[in-house]
Each structure stands twice: as structure tokens, then as C-alpha cells.
Amino acid sequence: MNKLTNVLVYPCGAESGLEIHLALKDIMNIRVVGASGKEDHGRMVYKNYYGDFPYVGSPEFIGTLNQLIEKEAIDIILPTHDTVLLYLARNAEKINTRIAFPSLEATEICRSKKKIYDLFSKYDFCPEVYDDIEKIVNFPVYAKLDEGQGSKGAFIVKDKKQLTDLEDIENFVVMELLPGEELTIDCFTDRHGRVQFVGPRNRKRVSDGISVNSNSVPVTEEINSIAKIVSDEIGIRGSWYFQLKKDVNGKFKLLEASVKVAGNSNTFRGLGVNLPLLMV
């Protein structure tokens, strides 16, 4: 008989945490445990649920996490939030089980828009980024937080005054405005660095910057090529996703990438590709 694999999902109550539960709960030899820093919808769906968990970065977080790991015999943690993922990656040596992330360097690159755009600046799918706002000639442009997810904190910039009035401009990336179609592309890269799955989907309905309703769309040579380059350059392993948006000329440009499972990846689970299971 195969050994039971105990999977901890943290935090477990948002879209990606709920999708991981649905993807793994009926898999033979996998047992799912959920934890969250606040009472959330996870308590309604996880049979094994721990609410009011210490927040990431608090003095008691790692100690409490290791107690839970021992109590539930956790074999692997699937983080569902980029900030949580980065914190766990930076403290991996203190945590008494495996964490689903490719490397600290890859995780740090994906958490920072500045780092990811620096890495891909030589490629034509990298959007134009303005390091000096005085050199911006044509408006509107787009501003978004360097460390952020979805569209939180992002806005269209209509004139230079909007930028000069920002007190924390150093925390933003200012880039070309991309007015065209936006896609999320769910992917899986195996342990040999081979991209085994590329699944584009549209964003039919978005809530709080997160896609909550999608349809799959055909994979093009352009999308396939970008997926391979992103995976290779960052050094990704496991389930991940990235986002593309078309510029004024209809060419896809890179918005961001994340080395975790996306909440709306159930689009492809319904077609037979279980990304949380592949990650485990």
C-alpha cells in the first residue's frame, strides 16, 4: 500500500485554497489539512481545519506551524498567497517539512515586478518600463505595485502630475498601458525543467483582481514560446502560471508570473489536468 501523503494548504480559504481542496480531497492516499490566519470559508469545506492561525511574520508563526506539522504528520505545504510563499521560502530551513516552491531565487523574482521585468528586458514580450518618469513622452501609462497581486493598487496614469504626487512612487512600477486581451496561462514544469503543460484561459469575470470565471482558449506558438522562456529563465519547477496582455499592436506582453497554483486552474482540472495533484 502506498504511504498516505498529508498536504497542508495555507491559507486555505481563498479561491486557490478552495480549488486545491476540491482537486485533492478525493484522491486516494492524499489527506488535506487547511489552516488560515483568520476565520474564512475554509472552515466550511476542510474536514481538518485550523483557524486563527498566527499571521506570517509573527514571532509565534514558525513554532506554531512546526507544531501543526508534527501533529498532522504534514509531508508538504502548498502556499496559496505570494507573500506567504516568499516568507516560507526564506525560512524553509526552519520549517520541518517540504514546501512547494522551486527555489528562493525564483520565488523572489516572481514576487517583484521590477525583478521580473529586469530579467526579461531583452525579450520583445517584456513591456516598456519607465525608470525615469521625466522621460515619459506619451500618456496614459500604467502604474502598479512592485509587490502586489491581481490589480490591487494599480491605476491608469493620465498625466505626469499623478506620478509626482505619489509619496511612495518607489514602490510602483510604471509601464506602458496594455489595452488589449488579457490571458492567464496555467503551466506545469517537470523536475527536468521541461514544460509539460501550457493552458491559456481568458478572464471572463474578475473579482478583487482575481479571475473567478474562465474559458480555455487555444494555445498559440507565441504563448508556447513565452511559456518556455519564462520557465527556463526563472528556473521554475511544478505548477505555476503567468499572465499576458496585448499591446496596442496586438502583441502579447508579460504582466507577471507566480510559482503557485492559480484559483481558477479548475478550468483545466475539468479537462483532465489536475495541477494541484501534479504539484504534490
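Which residues does Lys251 touch, not counting residues up to four places away in sequence? Lys251 touches Asp124, Glu222, Lys245 and Lys246, where contact means heavy atoms within 4.5 Å. This is a predicted model, in which local features need pLDDT of at least 70, side-chain atom pairs count only at pLDDT 80 or more, and totals for chains, interfaces and linings use all residues. Residues are numbered from 1 along each chain as its sequence is written, and side-chain values use heavy atoms, with hydrogens and water left out.

Lys251 sits in the loop between S13 and S14; helices (H or I, at least four residues) and strands (E, at least two) are DSSP runs numbered from the N terminus. Its relative accessible area is 28%, so Lys251 counts as partly exposed, the class between buried (under 20%) and exposed (over 50%), taken with a 1.4 Å probe on protein chains only. Leu178 is 73 residues away along the chain, and its C-alpha atom is separated from that of Lys251 by 9.6 Å.

Next comes the interior. In soluble globular proteins, nonpolar side chains tend to be buried together. A nonpolar core is a set of buried Ala, Val, Leu, Ile, Met, Phe, Trp, Tyr and Cys residues joined through side-chain atoms within 4.5 Å. The largest one here has 30 residues, and among those touching the most other members are Ile116, Phe120 and Ile234. Elements giving two or more residues to this core include helix H5 (104-111), helix H8 (221-234) and strand S14 (252-258). H8 gives the largest share, five residues. Ile234 touches Ala106, Ile109, Cys110, Ile116, Leu119, Phe120 and Ala257, leaving aside residues up to four places away in sequence. Within H5, Ala106, Thr107, Ile109, Cys110 and Arg111 are buried, and the buried residues of this helix pack against helix H4 (82-90), H6, H8 and S14.

Five strands form an open sheet with parallel pairing, in the order S3-S2-S1-S4-S5; two strands pair if DSSP finds at least two bridges between them. Strand S3 (49-50) and S5 are at the edges with a single partner strand each, so one side of each has no neighbour in the sheet. Strand S4 (residues 76-79) pairs with S5 over two bridges, and Ile76 stands opposite Arg98 in S5.

Ile76 and Arg98 also belong to the lining of the second largest pocket, where they lie nearest its centre together with Arg237, Met279 and Val280. Strand S5 (98-99), strand S9 (182-189) and helix H10 (275-279) each supply at least two lining residues. A pocket is an open set of points on a 1 Å grid over the protein atoms alone, where a 1.4 Å probe fits, with protein on both sides within 12 Å along at least five of seven lines; lining residues have an atom within 4 Å of a point.
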